[in-house]
Amino acid sequence: MFYLIGLGLGDATDITVKGLRALERCSRVYLEAYTSVLTVGKEALEEFYGRELIVADRELVEQQADRILEDARETDVAFLVVGDPFGATTHSDLILRAVQAGVPYKVVHNASIINAVGVCGLQLYRFGETVSLVFWTDTWRPESFYDKICKNREAGLHTLCLLDIKVKEQSEENMMRGRKIYEPPRFMTVAQAADQLMQIVQRRRGEGEELGLTEDTLCVGVARLGADNQAIRVATLQQLVSCDLGGPLHSLMVTGQLHPLEVDMLQL
């Protein structure tokens, strides 16, 4: 059996009872480590779960997914995912591969950033399309996320912005030379995300474009949701450029039309 188990958002204790019981039956346990991270390390998880964990980075999953599933024919195998298993589209590929290979599977759900953001006071059913903000480089500065945010705002809807994570990434030079040398992990902050949006706003204003959001648009920055030290900051886009919400992971919400109840909740 192949188990896809959500771990929740905080620490080792956020796993569900059902998820923990399934994990305890498994002889091989993988910890997905490239779409999100918990606030505790691998060692803390191993101590609480009572199992050795195999860190599954992007390279391992992409190159050895078939072997992982083949093992699940003979024994129980768990694949642990921070948040909910379907919070990242990459995990749907594992399910499709399991079905195609005739490997039985079970999914154990858990809380994810998609629903945990409701803690800030914005109502979940008033959100539009979720977007991802990536780190810009000198030669690559995509802006498609801005257009999607504006489209949501035109419909009166809020936008959840998932912020970039760079774990076990190679520089262009090392990649071209085939050197297995990896850059230090990087996690986009709310301030960095707000700064990129501000740059787009300023550039498009200079081109005479009608703006879908401005420096004064109300936003919500959150960090480490689900942890005891989670942080929530309600401020304008411009104000968030200088905010410090501490360690990862961060997410940003751009508000649309606010319901009076949401206004009251945001003031707490």
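A pocket is here an open set of grid points with protein on both sides within 12 Å along at least five of seven lines, and its lining residues have an atom within 4 Å of a point. In the predicted model, the second largest pocket is lined by 15 residues. Leu 31, Ala 33, Ser 36, Val 37 and Val 40 are the lining residues that lie nearest the centre of this pocket. The space in the second largest pocket amounts to about 250 Å³. By residue class, its lining comprises 11 nonpolar, 2 polar and 2 charged residues. At least two lining residues come from strand 2 (28-32), and at least two from helix 2 (42-49).

The position of the pocket follows from the domain division. The protein is split into domain 1 (2-111) and domain 2 (114-266). Because both domain 1 and domain 2 give residues to the lining, the second largest pocket lies between them.

The contact between the domains was examined next. A distance of 27 Å separates the C-alpha centres of domain 1 and domain 2. At the interface, 11 residues of domain 1 are in contact with 13 residues of domain 2. Interface size is often expressed as the accessible area lost when the parts come together. For domain 1 and domain 2, the buried area is about 890 Å², with 58% of it given by carbon and sulfur atoms. On the domain 1 side, the residues losing the most area to domain 2 are Leu 9, Val 37 and Glu 59, which together account for 39% of what that side buries. Val 37 is also among the residues nearest the centre of the second largest pocket.

In the structure as a whole, 14 salt bridges are present. One pairs Arg 73 with Glu 70, with the closest N and O atoms 3.1 Å apart. Both Arg 73 and Glu 70 belong to helix 3 (residues 58-74), where they are 3 residues apart, about one turn of the helix.

Two features of the backbone were noted in loops. The peptide bond from Pro 248 to Leu 249 is cis, its omega being near 0°. Leu 249 is placed in the loop between helix 9 (237-240) and strand 12 (250-254). Arg 224, although not a glycine, has a positive phi of about 55°. The loop that holds Arg 224 runs between strand 10 (218-223) and strand 11 (231-236).

Technical notes. Residues are numbered from 1 along each chain as its sequence is written. This is a predicted model: local features need pLDDT of at least 70, side-chain atom pairs count only at pLDDT 80 or more; totals for chains, interfaces and linings use all residues. Side-chain values use heavy atoms; hydrogens and water are left out. On a 1 Å grid over the protein atoms alone, a cavity is a set of points where a 1.4 Å probe fits but cannot get out, and a pocket is an open set with protein on both sides within 12 Å along at least five of seven lines; lining residues have an atom within 4 Å of a point. Grid points are joined across faces, edges and corners, and a volume is the space filled by probe spheres set on the points. Helices (H or I, at least four residues) and strands (E, at least two) are DSSP runs, numbered from the N terminus. Ala, Val, Leu, Ile, Met, Phe, Trp, Tyr, Cys and Pro count as nonpolar, Asp, Glu, Lys and Arg as charged, and the others, Gly among them, as polar. Domain bounds come from an automatic or database domain assignment. Contact means heavy atoms within 4.5 Å. Buried area is the accessible area (1.4 Å probe) that two parts lose on being put together, summed over both. A salt bridge is a side-chain nitrogen of Lys or Arg within 4 Å of a carboxyl oxygen of Asp or Glu.
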